[in-house]
Amino acid sequence: MRYVIGNDHGGLDLVEVVKDELEKLGHEVDHVGAFDNKSVDYSDFAKKACDKIIEEKADFAILICGTGLGMSLSANKIKGIRAACVSESYSARMSRAHNDANVLCIGARVIGSETCRMIIDEFVKTKFEGGRHQRRVDKIMELERI
């Protein structure tokens with residue numbers, strides 16, 4: 001699978017952890033920044049990463065800011081994106097299994113590197129279950145037309 005990582009200055013500390021974990025699991029990784037701790041706007045990097053999904057240049061995105069919330073709010077404004085902000089592995093698993101999330105948002109000021117690795121593992125290894133959950137995901141996607 002192809003993953004893209006997007007982060008602002010607040011998420012910089014977890015970028016290498018995420019990148020290393022994804023590569024360890026055998027995935028391609030693209031990083032669209034930020035690349036230093038200079039203050040930037042998370043919405044710019046959420047868009048850069050999510051555009052890769054929309055353009056089919058990536059299958060999934062991992063977005064990192066201080067809390068994950070700004071990235072999640074920004075990403076979910078983009079048509080075709082289902083972003084989940086999580087801080088533990090169970091929610092990461094359920095975001096894929098039941099919600100077919102294509103974007104994972106995490107907060108570098110909320111979780112540490114080991115929790116980050118566990119979250120990435122669950123998100124990456126979990127497949128969408130479909131079935132009754134497909135109907136619900138379809139209803140979420142229908143909200144984009146309102």
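This is a predicted model: local features need pLDDT of at least 70, side-chain atom pairs count only at pLDDT 80 or more; totals for chains, interfaces and linings use all residues.
**View 1**

**View 2**
Read across the open sheet and you meet its five strands in the order β2-β1-β3-β5-β4, with parallel pairing. At the edges are β2 (28–31) and β4 (83–85), and each of these pairs on one side only. From one strand to the next, the twist averages 20°. Helix α1 packs on this sheet, where it touches β1, β2, β3 and β5. The direction of α1 makes about 175° with that of β1.

**View 1. The largest nonpolar core.**
This core has 23 residues, and the ones touching the most other members are V18, I62, I64 and I106. Two or more residues come from each of β1 (2–7), α1 (12–24), β3 (60–65), β5 (103–107) and α5 (113–125). Apart from this core lies another one, made of 19 residues, including A46, I81, V103 and C105. Back to I106: leaving out neighbours within four places in sequence, its contacts include L14, V18, I62, V86, C116 and I119.

**View 2. Helix α5 and what its buried side chains meet.**
Helix α5 has 13 residues and reaches 18 Å from its first C-alpha to its last, close to the 18 Å expected. Which of its residues are buried? They are C116, I119, I120, D121, F123 and V124. The buried residues of α5 pack against β1, α1, β3, α4 and β5.

An unreviewed UniProt entry lists C65 and H98 under "active site". The two span 34 residues in sequence and their C-alpha atoms are 24.3 Å apart, so they don't gather at one spot. H98 is found in the loop between α4 (89–97) and β5. H98 is partly exposed, with a relative accessible area of 25%. Ignoring neighbours within four places in sequence, H98 is in contact with F128, E129, H133 and V137.

Note on methods
Residues are numbered from 1 along each chain as its sequence is written. Side-chain values use heavy atoms; hydrogens and water are left out. A nonpolar core is a set of buried Ala, Val, Leu, Ile, Met, Phe, Trp, Tyr and Cys residues joined through side-chain atoms within 4.5 Å. Buried means under 20% relative accessible area, exposed over 50%, partly exposed in between (1.4 Å probe, protein chains only). Helices (H or I, at least four residues) and strands (E, at least two) are DSSP runs, numbered from the N terminus. Contact means heavy atoms within 4.5 Å. UniProt positions are given in the numbering used here, feature names are shortened, and annotations may be inferred rather than shown by experiment. The expected span of a helix is 1.5 Å times one less than its number of residues. Two strands pair if DSSP finds at least two bridges between them. Axes are lines fitted to C-alpha atoms, for helices over the stretch in contact, and angles run from 0 to 180 degrees between N-to-C directions.
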